[in-house]
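Biologist: I would like a close look at a single part of this model. Please keep to what can be computed from the atoms, and take the surroundings into account.

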Amino acid sequence: MIASVRGTVTATGPDHAVVEVGGIGLAVQCAPGTLAELRVGQPARLATSLVVREDSLTLYGFPDDDAKQLFELLQTASGVGPRLAQAVLAVHTPDAVRKAIANADTAALTRVPGIGKKGAERLVLELRDRIGPVPVGVDGAAGVTGGAWPEQVRQALVGLGWSSAQAEQAVATVAETVDGQTPPVPILLKQAIRLLGRTR
């Protein structure tokens, strides 16, 4: 079991990063919010979970051990595989996921692509007693809101290979669509990538 990796980020893509550890480049599947924090050429530490299949070994990466543990717990629910578990954590913070499950907030859970009403109800039913303590005052979405998101998205786009000018233009266009509460950074990043012509 590879519990974590620490090394230099040598490349990033729309859904993964390559971290060089001891001369070996490890491809790590990451959510957009995690990728936004990584910089090519800079050191990074990711908590990881190795998913073993008959035809593949896939390493999933997270900013901390808490997110990794929740990723693994989510997969114990019926019908939840690693990609769907990662999608949950791309939309919500770990604390927000715990709060939604503890409070049977299926509306919050169905905001995750791939989870319908029945799937959300199943998550609540199967994980409610195992989700752990729920912090008070959790506001919900993954990523940083307010004035910090434009810089996060801009840096992520540059890290993915676009020029600073392209990134600035995409961020400006996305900013025009933000009205009221700021969406999670991963969603804003996806909008920017879509504008620049690269779909996931």
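In which helix is the place of Arg-154?

Modeller: This is a predicted model, and Arg-154 has its place in helix α7. Its relative accessible area is 18%, so Arg-154 counts as buried, the cut-off for buried being under 20%. Leaving out residues up to four places away in sequence, Arg-154 touches Ser-164, Ala-167, Glu-168 and Val-171.

The helix to look at next is α8, which runs over residues 164–177. The buried residues in α8 are Ala-167, Ala-170, Val-171 and Val-174. Viewed down the axis of α8, these buried residues fall within an arc of 100°, and therefore line one face of the helix.

Two packed helices are described by the angle between their axes and the distance between the axes. For α7 and α9 the angle is about 50° and the axes are 10 Å apart. The two helices are therefore oblique to each other, and α7 passes α9 in a right-handed crossing. On the α7 side, the residues that meet α9 are Trp-149, Gln-152, Val-153, Ala-156 and Leu-157. On the α9 side, they are Val-185, Leu-188, Leu-189, Ala-192 and Ile-193.

Other parts of the chain give some context. Helix α3 (residues 82–91) has nine of its ten residues buried, so it is largely enclosed by the rest of the structure. The buried residues of α3 are Pro-82, Leu-84, Ala-85, Gln-86, Ala-87, Val-88, Leu-89, Ala-90 and Val-91. One of them, Gln-86, is in contact with Gln-29, a residue of strand β3 (residues 24–29). Gln-29 is itself buried, because its relative accessibility is 15%. Apart from neighbours within four places in sequence, the contacts of Gln-29 also include Asp-15, His-16, Thr-58, Leu-59, Tyr-60, Gly-61 and Arg-83.

Val-21 lies in strand β2 (residues 16–21) and counts as partly exposed at 29% relative accessibility. With neighbours within four places in sequence set aside, Val-21 is in contact with Val-5, Arg-6 and Leu-26. From Val-21 to Asp-179 there are 158 residues in sequence and 42 Å in space, C-alpha to C-alpha.

A last point concerns a loop. Ala-104 sits between α4 (94–102) and α5 (106–109). Ala-104 has a positive phi of about 55°, although it is not a glycine. At 35% relative accessibility, Ala-104 counts as partly exposed.

Key:
Residues are numbered from 1 along each chain as its sequence is written. This is a predicted model: local features need pLDDT of at least 70, side-chain atom pairs count only at pLDDT 80 or more; totals for chains, interfaces and linings use all residues. Side-chain values use heavy atoms; hydrogens and water are left out. Helices (H or I, at least four residues) and strands (E, at least two) are DSSP runs, numbered from the N terminus. Buried means under 20% relative accessible area, exposed over 50%, partly exposed in between (1.4 Å probe, protein chains only). Contact means heavy atoms within 4.5 Å. The expected span of a helix is 1.5 Å times one less than its number of residues. The arc is that of the directions from the helix axis to the C-beta atoms. Axes are lines fitted to C-alpha atoms, for helices over the stretch in contact, and angles run from 0 to 180 degrees between N-to-C directions. Angles under 35 degrees count as roughly parallel, over 145 as roughly antiparallel, 65 to 115 as roughly perpendicular and the rest as oblique. A crossing is left-handed if the near helix is turned anticlockwise from the far one by less than a right angle, and right-handed if clockwise.
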